[in-house]
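Visitor: I would like to learn to read a model like this one. Where do we start?

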Amino acid sequence: MAGFREECGVVGVMADPEAARLIYLGLHALQHRGQEAAGIVTLNGGEEFTGHKAFGLVGDGFPTEIITKLEGSSGIGHNRYSTTGGSRLTQNIQPFTFNTALGNIAIAHNGNLTNAHLIRAELEAKGSIFQSTSDTEVFMHLLARSKKESVLERLVEVMGEVKGAYSLVILTKDRLYALRDPFGFRPLVYGRRGTAVVVASESCALGLLDADFEREINPGEIIEILPDGLVTSHHPFPHARKGFCSFEPVYFARPDSKVFGEEIYTLRKRMGEVLARETHVDADVVIAVPDSGIPMALGYANAAGIPLEIGLVRNPYVGRTFIEPSQSIRDFGVKLKLSPVGSVLRGKRVIVVDDSLVRGTTSMKILRMLRKAGAKEIHLRLGSPPITHSCYFGVDTPERSQLLAATNTVEEIRDFIGADTLGFLSREGLREALGKDKANNYCYGCFTGDYPEDTCREIKAQPTDAAGGPGLKAGF
Ligand code: SF4
């Protein structure tokens, strides 16, 4: 799948003498959520932060000599994928640090505030000066301007003002806070590593750090972690409609993670099973578009009683930049990442399972490659419904006009990508796979255009885009 991009990962550690190393490893485990830049900030007993930020992958930007300098037993880290704000500005790399009357504070954010532009305009009119173009800085300014006497009270006040998606880790001189917006769009979990407490976007980071999974931070909850590892929970907001991002189980989260209380691998397999039932076609073999399509393809093959084979091999060593030979090699970018296995495909009726379809151009190239490798028939199956709307909650989506399913019928899409047949998981099928009793807890905005209420009031007030949907925020 290509087109929807990851949307940042956060890590926080309290009460471990190797905080920086743990954060570094945690960011490694969350690398799939953002590869553009990473940052770590630690605190060593006093009140001053030490930090380092670098573009690119965590493993490239944080050599041992840097990690060694990041002393302290508490800290936070961030993997960035640019959702708002310019992508090549160092000042947009998190964590952000700032001074307040209550001392220095560092913050790392996964999500997107839907009313940030309105608050920012108000603050600028009152004289505030912004360093970055990130909406996270809006949160910082509100926190710094608050007259409340404790950081916790200020957090509650700011949570009452901002709208949209935020899973945050916040470090002060003597506390680590982790909080989630009242809809719970983005995941956030914490665990224990002896007396230390580790917070992370996904449970897969806890596994790498040998931290025992404790629980998710609830929507609208703030947890306050003391230097002795004591955790206190605060629930300042009344229960709201939940808005878990359904794209996390479809694509973003790692299959070995537990997110929104569910094993991602199990959910993806179930999506494949329902997809097989809904879009049956006679075929010889099922193959996956690796990596995210693999659990869905497995579920599909099991349910359809058709053998699963490895028909596409991913090259794990493709870097972010490479020298293109020339226009003469067709579909070069896709070929660099994926290779067809001729012996699986030649003369076969092939079902290809992928997680989703955004612009359709990558699918078209993959199908062309499979056809060239000898596939007799190609039946593309997608483990999620057609994507018809953009996201406003921290996922980097193309403009609506570039979403193939926003302006084309299934038959038109099939024709464009060159499949013999095309089938999507239905909306009801997605709800069934997520669990009928839990399906109402999710946001399906990019599949339906219905976003969790209240949160979307601000975005609906923005200008209409070319495709007739709500206007897109700058930076998308
Ligand atoms: S609109 Fe789509 S991508 Fe955005 S939060 Fe909702 S389900 Fe997730």
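Guide: With a pair of strands. This is a predicted model. Here β12 pairs with strand β13 (residues 231-234) in the antiparallel sense, over four bridges.

Visitor: Which residue stands opposite Val 231 in β13?

Guide: Ile 225 does.

Visitor: How many residues lie between β12 and β13 in the hairpin?

Guide: Five. Look at the turn too: Gly 229 there has a positive phi of about 90°.

Visitor: Which strand does β8 join?

Guide: Strand β8 (residues 176-180) is joined to β12 (residues 222-225). Four bridges link them, and the two strands run antiparallel.

Visitor: Now the whole chain. How many helices and strands does it have?

Guide: The protein chain has 18 helices and 23 strands. Next, check burial. Of its 476 residues, 51% are buried. Then check how far apart in sequence the contacts reach. Among contacts with a separation of 6 or more, 71% are between residues 24 or more positions apart.

Visitor: Which residues are around the ligand?

Guide: Among them are four cysteines to locate: Cys 245, Cys 391, Cys 443 and Cys 446. The list also includes Phe 185, Phe 247, Phe 393 and Tyr 444.

Definitions and conventions:
Residues are numbered from 1 along each chain as its sequence is written. This is a predicted model: local features need pLDDT of at least 70, side-chain atom pairs count only at pLDDT 80 or more; totals for chains, interfaces and linings use all residues. A residue is near a molecule or strand if its C-beta atom, placed from the backbone, lies within 6 Å of it. A residue is buried if 20 or more other C-beta atoms lie within 10 Å of its own, exposed if 12 or fewer, and partly exposed in between; C-beta atoms are placed from the backbone. Two residues are in contact if their C-beta atoms, placed from the backbone, lie within 7 Å. Two strands pair if DSSP finds at least two bridges between them.
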